[in-house]
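Hello,

Here is the structure for your files. My notes on the cores and salt bridges follow below.

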Amino acid sequence: MENLHQLLLERHSIRRYKDQPVDADDVRTILEAALLAPSSKSVRPWQFVVVEDKDMLVRLADCKQFGTKPISTAAFAVVVAVDTTKSDVYVEDASIAALLMHLQAADLGLGSCWIQVRNRFAADAESSETVVRELLDIPEDMAVECIMTFGHIDEVRKPVDPEKLLWEKIHIGKW
């Protein structure tokens with residue numbers, strides 16, 4: 001990508017992927033972006049579980065009722081978990097790491113999508129976090145924030161039109 005601003009205009013959440021593996025170097029670059037994420041007091045309370053097994057991706061897609069199809073069709077997914085005892089801003093720390101992976105994927109020409117897990121529920125009303133934790137043997141003291149899906153893009157999305165930005169949401173000096 002030419003620059004960050006152009007990347008931000010062109011990136012989208014991608015929910016459809018080609019049935020094609022992602023190059024190992026690209027996977028590593030995406031994971032490195034997560035490890036480079038800043039965190040409060042540099043505690044780095046996050047942990048990441050990389051899932052490439054197709055059967056497990058399909059099983060993970062059952063972690064909540066809606067919006068999980070990208071998990072089952074992704075080349076791989078990264079579960080973002082975080083130790084809630086290490087930081088009072090663990091949600092923010094995990095979110096920043098997830099966003100950096102999302103942006104890194106876009107920069108590599110790959111698609112990604114954030115699948116919210118925290119505070120969500122499976123069809124049987126079981127906590128989505130519990131479902132993911134049990135499937136992947138994630139320790140009880142780790143909260144699961146989200147599942148990031150990745151793959152080669154199989155949909156066409158137009159860049160954001162800067163003329164449609166919601167500038168009325170910006171307040172200068174005070175509300």
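A nonpolar core here is a set of buried Ala, Val, Leu, Ile, Met, Phe, Trp, Tyr and Cys residues joined through side-chain atoms within 4.5 Å; buried means under 20% relative accessible area, exposed over 50%, and partly exposed in between (1.4 Å probe, protein chains only). This is a predicted model, in which local features need pLDDT of at least 70 and side-chain atom pairs count only at pLDDT 80 or more, while totals for chains, interfaces and linings use all residues. Residues are numbered from 1 along each chain as its sequence is written, and side-chain values use heavy atoms, with hydrogens and water left out.

The largest nonpolar core has 24 residues, of which L60, I71, V79, V132, L136, I138 and I147 touch the most other members. At least two residues of this core come from each of α3 (54-60), β2 (76-83), β3 (111-116), α6 (128-136) and β4 (142-151); helices (H or I, at least four residues) and strands (E, at least two) are DSSP runs, numbered from the N terminus. Another core, of 18 residues, lies apart from it and includes A34, V80, A94 and A98.

There are 3 salt bridges (a side-chain nitrogen of Lys or Arg within 4 Å of a carboxyl oxygen of Asp or Glu):

- E145 with R118, closest N and O atoms 2.7 Å apart. E145 in strand β4 and R118 in the loop between β3 and α6 are 27 residues apart. E145 is buried at 2%; R118 is partly exposed at 21%.
- E129 with R133, at 3.5 Å, both in helix α6 and 4 residues apart, about one turn.
- E155 with R157, at 3.8 Å.

Regards
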